[in-house]
Amino acid sequence: MTPGRKLLGHIALLVPPFGWLGVFYLGSLSVLLLSAFWQVDAMSGEIVRDWTWENFRILFSDTTYTVIARRTTGIAILVTITDIILAWPLAWVIARKVGPRLKLTLLVLVALPLWSSMLARIYAWRLILGHDGVLNWGLRLVGLPDQNVAFTNIALWIVFSYLWLPFMLMPMVAALERIPASLLDAAGDQGATPWQVFRTVVFPLAIPGMAAGSVFTFAVTQGDYVAPMLVGGAGSEFIGNVVYSNVGVSGNVPFAAAFSLILLAMVAAYMLLARRFGAFDAQ
Amino acid sequence: MNMKAYSTLLLATCSAILTTQLSTPAHAQAPLSAIGKGEGDLNVVAWEGYADDAWVKPFEETTGCKVHRKYVGSSDEMVALTRMGGGKGFDVVSASGDASLRLIFGKTVQPVNTALITAFDDVMPELKAPGFNTVKDVHYGVSYEWGPNVLMWNTKDITTAPTSWSVIYDKAYAGVITVPDNPIQIADAALYLSHTKPELGITDPYELTQTQMDAVVALLKEQRALVKKYWALASDEVDLFKSGDAHVGAAWPYQANTLRAAGVPVQDTIPTEGATGWADSWMISAHAQHPNCAYLWINHVMTPKVQAQQALSFGETPANTKACAEMDALQPGSCKQYHADASPAYFSSIKFWKTPVHQCGNGQNTCLDYSAWQRAWQQVKQ
């Protein structure tokens, strides 16, 4: 094959995915970008194509949206921290303490819930946390008072932490696996205590894994609207819920687009930050 | 790809998408002059419980029109759903008074030829050409059924029957209250305030000035701290009462009927302050793909029998005055229970949903329109 034909072949391979992304991804993103500067006529529901900053003015001047954006980010941070803490012991065991067969079994067990529908898993939590749910049933058995966790922000925090834990665990296992045993031995030989080894050797080397995991726990929580709808209560609105209700209920696509753009900017900023910590370096 | 090629591609895709969006023609069809043979399918957008198998199955058998249903939980959702796909996605919609004008002015629905509606002469005089479905003497819908938004409570948890809407603003019930997730819920709070704070001067709960709205929003924000969950679909509220997460809330008679049928001890009432309510019309899409089936459907659901079935299953009052006997035949005493025998007085006691607009009833232009209501509701929910 001549070099020219080889190049043509490469281009032919690249055209379908790039064409797809160009039309459906960049295209829809651009329409989103444009419509954020439009308005909608409340009575007829038609989009008025006059350029205006009005949507952004409302978003920044009305404290409602600041509160919602803060809640979204706050819970996303909380979920990320929770998942990091929950993932550490298990990731350490899977990566360094067990044989290959048990390791495979444990990894499959971690991934198993991902094969069932996310909706089903969220609904399961409704059954656990609900007033007549498994949690209160268990509490009553041991003589403790009922808890009202269902339809609160605490329920949201629990459900999100559960949903995204596997996504934090996998990159952390990968990161911990790659720490050479010789480094740990060397640190020990130099007289480091186990805590010192963890603090100065293991933890810094695991940062890229945690950063990669946090891309899922943080960014995906920020963009979610299903869990707040199903297990959230009064005062559990996320940015995604405002976007959803403006598109599907109020028919105000321009306003939804404006808020989505802000969400997009927040997630993009986080991605850049995560990249600095090595989240996207080939592992 | 270099930068220039990239931006060209971006522009090209943009303009391609925009042209397809803009070039959809918006020609409304002229109303039918005679009902022909059914087209075999009918797409229905309706309130939960409005296309029940009890009357859908007989309709499909006699007309051959296969019914495809989409249920909604709020007027806003109904409006948004009917506007999707340029209005080609549905044939008929059961719009409430707060959605119907938006559908008419948005050219989503077409005029109805009432000469083709068999039961039109039997419709209550108040509902033959009401302002919410008839504009400048042109009928855009056929009035279907109407009813009140009620106060519902679990009789096991709340043993003394409440008589005022005050219970859903009462700290004693913190954490067990549920109300609809719907901007029109603002009118319920306004109706309550028109009785408890007459100095605000609220005469019509759908015509609020900024000062009045501020007071209503303040009340609703206090209520948020007490609310367990805002329900979006009737079935959500049913779940909340079944699980015991909610003990009291604003509801439709439909939820009360459904819960009682499931053995949950609930009771419902119209409190002393009165109630908001709905008056629904069947409307036909301006781009209906199955207009014959649409007319056949409206004629079917306007028959006294279906009117009575609908009234009993949802807990509302039929528009067809001939339905009374059918209601009593299905469930003795139900004609009186749902006020189908003395409808005019009962009719005037309900504050029916309508779309809030700038023009107040008193000739002033200081009232808030619906987009302001939607924003206010978002502020309430946060």
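A disulfide is a pair of cysteine sulfur atoms within 2.5 Å. In this predicted model, local features need pLDDT of at least 70 and side-chain atom pairs count only at pLDDT 80 or more, while totals for chains, interfaces and linings use all residues. Residues are numbered from 1 along each chain as its sequence is written, chains are lettered from A in the order in which they are written, and side-chain values use heavy atoms, with hydrogens and water left out.

The rule gives three disulfides over all chains. In chain B the bonded cysteines, counted along the chain, pair as 1-2, 3-4, 5-6.

## Cys65(B) and Cys293(B)

The sulfur atoms of Cys65(B) and Cys293(B) are 2.0 Å apart in a disulfide. This link is left-handed, with -85° about the S-S bond. It connects distant parts of the chain, 228 residues apart: Cys65(B) is in the loop between α2 (53-63) and β2 (66-72), and Cys293(B) is in helix α10 (residues 291-301). Helices (H or I, at least four residues) and strands (E, at least two) are DSSP runs, numbered from the N terminus.

Cys65(B) is buried at 0% relative accessibility, and Cys293(B) is buried with a relative accessible area of 0%. Buried means under 20% relative accessible area, exposed over 50%, and partly exposed in between (1.4 Å probe, protein chains only).

## The other two disulfides

Cys324(B) is joined to Cys335(B) with an S to S distance of 1.9 Å. The torsion about this S-S bond is about -105°, so the disulfide is left-handed. Cys324(B) lies in helix α12 (residues 323-330) and Cys335(B) in helix α13 (residues 334-337), so the pair ties together parts 11 residues apart in sequence. Cys324(B) is partly exposed at 22%, whereas Cys335(B) is buried at 1%.

Cys360(B) and Cys367(B) form a disulfide with sulfur atoms 2.1 Å apart. Its S-S torsion is about 120°, so this disulfide is right-handed. Both cysteines are buried.

## Domains of chain B

Chain B is assigned domain 1 (41-146 + 278-352) and domain 2 (148-276 + 356-381), with bounds from an automatic or database domain assignment. Their centres, taken over C-alpha atoms, are separated by 25 Å.

Contact (heavy atoms within 4.5 Å) involves 21 residues of domain 1 and 22 residues of domain 2. Between these domains the rule finds zero salt bridges, a salt bridge being a side-chain nitrogen of Lys or Arg within 4 Å of a carboxyl oxygen of Asp or Glu.
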